[in-house]
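Open the model in your viewer and keep the selection panel at hand. This tour says what to select next and what is there.

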Amino acid sequence: MRSVVDNLPSVKTDRSEPIVSIAAKALLLDLDGTLVDSAKAVESAWRWAAEQLGVPYCQIAPYVHGIPADQALELAIPGIDDPTKSRLADEILTRQVESNAAVAAMPGALRLLSRLPAGSWAVVTSGSVRLAESSIHKAGLPEPPILITADDVQAGKPHPEPFRRAMGVLDVSCEECIVIEDSPHGIASGLAAGVRVLAVGTTFPPHLLEEANWRIPNLEKITVTSHADEICLSWGIR
C-alpha cells in the first residue's frame, strides 16, 4: 500500500493548481474542533469553572481544547486538589452535554465521513463517551465504527495512548494511518504514536500547528477517493 502519494506539487488540476495527495488505510479523527463545532458549549462550561475557582477565564482558556478536563485543570491550576479537580471535571463535561449552545458539524465533515469505506475510521476524542455521543448526535454525524474517549484510556492527549488504542481496535499499523487534528496536544499525541498528522486550522493559529506533517484551513478543502483498502486525501495548496 502507498503510504504517501508525494506531498509535492506534482499533480495538477484543470486550473494547474498544485495538489497534495496522501494515502492511508485508516483515518483517526479528532472530534471537537475537527468534526464538530462545540466551541460555544465548551467555553460556557469552562467560564463557569473559572468562576468557581475564582480565576480569570484567560488563565484557563489555553487548556480547554484538545485534552481531558482533569488534565486541563492540572495545567491551568497547578496544585489543585484531587477532589476539587474531579468534581469540576465532571461538572464541566455535564454542562457541555446539557448545554443549549448549538453543536454543529464542521464544514466538510459530513462529506468527508460519507466517502470513507465502512470500518476504515475512528473518532479519538479527549471527552467522555457521554459527551462524544451527545456531540455526534447534535451535529448529525454518522455513528463512528470506532469511538475512543477519555473513558477508554489511562493517559489522554498529548500522550500517544488514545491513538494507539484506536489503531489496535482497527488492527492497523501507524504507517497505515493518518490522524486529523485541530489542536497542538492532539498533533503531539498522533506524532508520538508514530502516525502522520494532518492539521486543520479551525481552532488554533497556524504557528501552533507547525509540528503537523500537513496543514489545511478546514475539511472543506479535502477531496476524498477510495478504492480497495486505500483512502486518498487530496487538496490544493494555493
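This is a predicted model: local features need pLDDT of at least 70, side-chain atom pairs count only at pLDDT 80 or more; totals for chains, interfaces and linings use all residues.

Numbering starts from 1 along each chain as its sequence is written, and side-chain values use heavy atoms, without hydrogens or water.

**Stop 1: helix α4**

Select residues 82-98. This is α4, with 17 residues. Helices (H or I, at least four residues) and strands (E, at least two) are DSSP runs, numbered from the N terminus. From first C-alpha to last, α4 reaches 24 Å, close to the 24 Å expected at 1.5 Å a residue; the expected span is 1.5 Å times one less than the number of residues.

Now show its buried side chains, among them Leu-88, Ala-89, Ile-92 and Val-97. Buried means under 20% relative accessible area, exposed over 50%, partly exposed in between (1.4 Å probe, protein chains only).

**Stop 2: the largest pocket**

Select Pro-68, Ala-69, Asp-70, Ala-89 and Ala-150. Of the 18 lining residues, these lie nearest the centre of the largest pocket. α4 gives the most to this lining, with five residues. The lining divides into seven nonpolar, six polar and five charged residues. Here Ala, Val, Leu, Ile, Met, Phe, Trp, Tyr, Cys and Pro count as nonpolar, Asp, Glu, Lys and Arg as charged, and the others, Gly among them, as polar. A pocket is an open set of points on a 1 Å grid over the protein atoms alone, where a 1.4 Å probe fits, with protein on both sides within 12 Å along at least five of seven lines; lining residues have an atom within 4 Å of a point.

**Stop 3**

Select Ile-180. Its contacts (heavy atoms within 4.5 Å), leaving aside neighbours within four places in sequence, include Leu-27, Leu-112, Leu-198 and Leu-233. A second, separate core of 22 residues includes Ile-146, Ala-193, Val-197 and Leu-209. A nonpolar core joins buried Ala, Val, Leu, Ile, Met, Phe, Trp, Tyr and Cys residues through side-chain atoms within 4.5 Å.

**Stop 3: two backbone details**

Go to Pro-158, in the loop between β8 (147-148) and α7 (161-170). The peptide bond from Lys-157 to Pro-158 is cis, with omega near 15 degrees. Finish at Asp-171, in the loop between α7 and β9 (177-181). Its phi is near 60 degrees, a positive value in a residue other than glycine.
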